Amino acid sequence: MFAEFDLEMPNSLDEAVLALARSDGIETLTLAGGSSLMVDIRARRVVPERLISLARINELRRIEILGPRITIGSRTTVSDILRSNQVAEHGAALAASAEVFAGQMVRNVATVAGNIACGSPAADLVPPLLSLDADVVLTNASGFRTVPLADYFTGFKQDVRRPDELITAISWDVPGAKCANRFYKLARRKGDAITVTGVAVTLGAANGVCTKARVALGAVAPIVMRARAAEAMLEGSTLTVELIEEASLKAAEECQPIDDIRASADYRRHAVHMLTRRLVAGAWADLHLATEVS
Amino acid sequence: MQTRTKLNTIGRNTHRKDGIGKVTGTEQYASDVSVPRAWYGGVLRSPHAHARIASIDTSAAEALGAVCLTFADVPRVKYNERTNCAPPHLYRDRYVLDDTARHVGEAVAAVAAPTRALAEKALRAIKVEYEVLPAMLCAADALKDGAPKIHETILYRGKETPIEHNVAVTRLIEVGDIEKGFAEADSIIEREFEAAPVYHAQMETKSVVCKPAVDGSITVWATTQSIHNTRQLLAEIYGLPLHKINVKKIAIGGTFGSSIQMNSVVPICVGLAIKSGRPVKIATTREEDMYDHCRYQVRITLKLGFKADGTLVAGHMKTTVELGAHNTQGYHFLGVIAGFWVSLYKLPNMKYEGTAVYTNRTPSCAMQGFGAPQATFVTEVIMDEIAELLGRDPVEYKLTQYRGLGDTFWGQGPTVKSIILSDGVPELLEVGAKKIGWDGRPVPGTQTGRFRRGIGMARSFHCSGVGQPRKTGAEMIDYSGAIVKLNEDGSIDYIQSLMDHGGGTCEAIAKLVAEEIGVPLSMVGISDVDTNTTVYDITTHATRGVFAGGAAALKAAKSVKAKILDYASQLLDIMSESLVIEPSEELGQGVIYCPGYPEKRMTLGELAKYLHVNSWGTIAAVESLHPVTAPPAYVTYFVEVEVDTETGVVKTLAAALGSDCGTVVNPGLAAGQLTGGLSKGAGCALIEAHQWDRQTGELASKGFWVDGKTLSILETPLLENLHIDFAHTYEPTGPFGAKGIGEASINPALAAYSNAIYNALGIRFREVPITAEKILAALSTKKVRRTQPAQRELVNS
Ligand SMILES: Cc1cc2nc3c(=O)[nH]c(=O)nc-3n(C[C@H](O)[C@H](O)[C@H](O)COP(=O)(O)OP(=O)(O)OC[C@H]3O[C@@H](n4cnc5c(N)ncnc54)[C@H](O)[C@@H]3O)c2cc1C
């Protein structure tokens, strides 16, 4: 489809938030990589009159470690993530998801903020970030605020971001040595396919006991969700094959998948069970506290 | 077997003439054609699966400056888009635009406007009132008593003929006596199969540009597999003499059969151009394309009777085919399923009952394999099962039953019979079995871990074209023409309307011409042509390009060569029989000489120049050729899979593919055909299926790639695990011993995957795609209910 809109290309973050503030009732949207937005425009799911492109704002494209926090600028692309040693070290699941994200062309343009803001329950970067307890930084003309990613989504394609706010950064605590982080994406084929079920797991351990468990599930609920009951079963225990199986079944119980063209709800539930089991066992093995459970 | 003479260019990998244009993006496809003053066309499509247009108001669109086209503006001529069938077998059921929409996405109206944006705006401004009719979205619904009719009548053999129960066509084919055959059988096996409809997923969507001239003639650039058929059909619809329609040959970005017919946007674009008096271009979107065509949905029941020693004695096949909203080639499709089936194995008694049903879905059309993938699926899975019941190795068993050297063969249906003169099956099966490790394959159903491996084998073939010996009464038209011309510098123009889908057909034919005349390949040019300057060629379909189209060009090359030798004989004072033409790399020319008299030589360029300067005339030939055979291009598949029993995902670990295409003209491109066949075949076997919403008749994918998935290169086995072998055969009726390859390369895939998964899990799948979900469901029922021993399912007679 052919679409007509005004395109603004601010040179700095300040200019961008001012431009957003000046919407004057004109349907305005932010344009990052466009790999989600242009698809929606072409299908006429949205008909914006004005787009504000972030393409020129280089300050939003960065990965840095400051003290205990690792921060990713919102316009960092999936390819940037793949090239980053820091992410490989401090966000293994995020790097793993970047690896199976779309195809090369899309990875070169798709941004982290775009992945979060598009609000898709199948967004691949979200489960890893959720499993890392990441925060989202939202900025508008009058300042910024920080929202835990776990509180960011309020429903299917709904979030706490106000129309005049930009996502400017995503950050999380650099995990300690006793922490393992894994991700797996199940899809109908390897490249350029929407996730049928994505699971990210973070485990922390001390003295042979699981001190922290995060199980984030993609594409099995209206939003990317945490399997909190499963997490609770794991935390505070020494993980055994039986416990991992029980917790995985619990995660499968907690999720709320639907039937669609990609898979049935039953299949997705089964996949949550299998993937959670495999990833928790794998992460536990990563911590050198147990042997691989198959 | 005939021995080969020394070949100069055939059998070697050479640079493709269109290669650089393709990889640098300068190749022109129909959508790249830009004509001054051209307007953009667009098509308004039905949101309903079945609806009558109560009213249509284009005034708002016209007020925007657009030219609009509705059913009232186009000739009321009923036609069939695909004219490869002889006229008595054409079922005409469509108009350029109609007052009834029979599937979601069917064209309802069209516009042309100076810009694309305006054309789209104009489309949105057209107001249509639909009277929504009940939609029949599957064969069962369409066949129900009292089901509303999708077509009241169709035009058949010149008469409006009523359609009853939405049955478009049926076919009954019988050979021998099945009652007697089954009575002689020691065992009988009967199984039901289903193959889902899939999308062709060719790279290029359909485009067309039409330029009208003041004298009423038109020039057309269109995505098509046949420029002459497109021209003839446009002439039939718009009542123009053929010479006033010039259809240009232009590169195609793949078709897999989807442009075998004149694409539905072509006559619409012509209508817009005539009405507006301007050049008009239509380039369809992927969504439009997905709603435009797909492969037939096929359900087959096969019953086979065999003796205790494995000899097949009788077979009964019943087939139901869903056509979708139009019957493009149902009659022929039903015929080829029968033909492919009975030509796989020797079967003295057979009965075939085929029914093709209209439904309110995307119309089906030919797709790579045209019935053979489905017929092979059914036959090769049952044969695997019979071999197991008999306790025999499927490879060994099949070799005792298959149709090979010296057997009668009628792959393209009962009117296309010939005797098999070349057969590489035994060789290919031996090589493939060795490379895949066939003898070390697991015993079905014995593995227990998470990952289970299995090896499956299937063999098939495709006919090289639809040639046959009879003079009249053929179902199909099948001939090609070509012009070959010697230029004044000794180079050759190869002029043919035959289309190259992207696989290198014309490249291969240029090689045949170079080889025959004796010039370096670099001295043969593939001409940029159109219908006005070429002779007729039916279509590039049915794996006939090199075998039949190439044979016509070879015939013309032979005539040219004879004339060259005749003139050279006069100039060199040597009997023409003693002259030889050979390519000289050094001179970059063909050289004519007499082996016994080295001084008696001249280059082709010298000869041509001499003829030119002395006004002796141009050496050229135009020939047409109707092949009298359609030899089987055999293909064998061995695939090794790994099934993840946790997720049901099937991975292809290795494949050994074998092709008997006779003389291999271009090894690299031929291997590419097989790799492509495996990739698409694996997709059809494992994940691909067009699904329609039972309520709305919309595609579940809505026409988007996002959900209309095929497999990609990432699922293809790594090169070191992908073995490709060619048989050492020579087809006496083919050009330089060549047969076809294209379609054959996908045909065994469905069966090979089903057999491989059986080998891994001990579970038979007779419905494709064999999705991860189906595998998990089957694994969980298997756990609950231990499967019956296979023998129990047999009816002993
Ligand atoms: C072929 C293809 C394959 C794909 N495969 C995958 C895949 O495997 N996994 C996956 O998760 N996704 C996939 N996608 C979807 C898409 O690429 C991702 O969601 C991507 O991360 C979107 O980022 P973007 O920068 O392109 O966002 P855009 O398309 O530019 O924007 C998306 C949305 O985010 C908003 N937005 C962007 N930046 C900001 C910001 N800084 N602040 C506030 N709002 C913002 C936009 O207004 C818009 O609503 C695929 C898309 C395509 C076309």
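**Exercise 1. Find which backbone atoms of chain A lie by oxygen and nitrogen atoms of the ligand.**

Step 1. Start with Ala102(A): one of its backbone N or O atoms is 2.7 Å from a ligand oxygen atom. The model is a predicted one.

Step 2. Turn to Thr30(A), where a polar backbone atom and an oxygen atom of the ligand are 2.5 Å apart.

Step 3. Look next at a nitrogen atom of the ligand, which lies 2.9 Å from a polar backbone atom of Ile167(A).

Step 4. Compare with the cut-off: a polar contact needs a pair of N or O atoms within 3.5 Å. The distances to check against it are 2.7 Å for Ala102(A), 2.5 Å for Thr30(A) and 2.9 Å for Ile167(A).

**Exercise 2. Describe how the protein surrounds the ligand.**

Step 1. Take the cover. On its own the ligand has 970 Å² of accessible area, and the protein covers 86% of this.

Step 2. Assign the shell to elements of chain A. Two or more residues each come from β2 (28–31), α6 (104–109), α7 (112–117) and β10 (166–173). The element that gives the most is α7(A), with 4 residues.

Step 3. Count the residues. The ligand is surrounded by 30 residues, and among the closest are Ser35(A), Leu37(A), Thr111(A) and Asp124(A).

Step 4. Sort the shell by class: 17 residues are nonpolar, 9 are polar and 4 are charged.

**Exercise 3. Describe the contact of chain B with chain A.**

Step 1. Count both sides. Chain A contributes 23 residues to the contact and chain B contributes 28.

Step 2. Take the buried area. About 2,400 Å² is buried between the two chains, with 51% of it from carbon and sulfur atoms. On the chain B side, the residues that lose the most area to chain A are Glu646(B), Asp707(B) and Glu773(B), which together make up 24% of what that side buries.

Step 3. List the pairs across the interface. The rule finds 6 salt bridges between chain B and chain A. A salt bridge joins the side chains of Asp644(B) and Arg278(A), at 3.6 Å from N to O.

Step 4. Assign the chain B side to elements. Both α3 (116–125) and α18 (772–784) of chain B give two or more residues to the side that touches chain A. The largest share, 5 residues, is from α3(B).

Notes: Residues numbered from 1 in each chain as written. Chains lettered and ligands numbered in written order. Predicted model: local features only at pLDDT ≥ 70, side-chain atom pairs only at ≥ 80, totals over all residues. Heavy atoms only, no water. Near = heavy atom within 4 Å. Polar contact = N/O pair within 3.5 Å; in protein donor to acceptor, adjacent residues only side chain to side chain. Areas by Shrake-Rupley, 256 points an atom, 1.4 Å probe, with all protein chains shown as cover. Nonpolar A, V, L, I, M, F, W, Y, C, P; charged D, E, K, R; others polar. Contact = heavy atoms within 4.5 Å. Buried area = accessible area lost by both parts, 1.4 Å probe. Salt bridge = Lys/Arg side-chain N within 4 Å of Asp/Glu carboxyl O.
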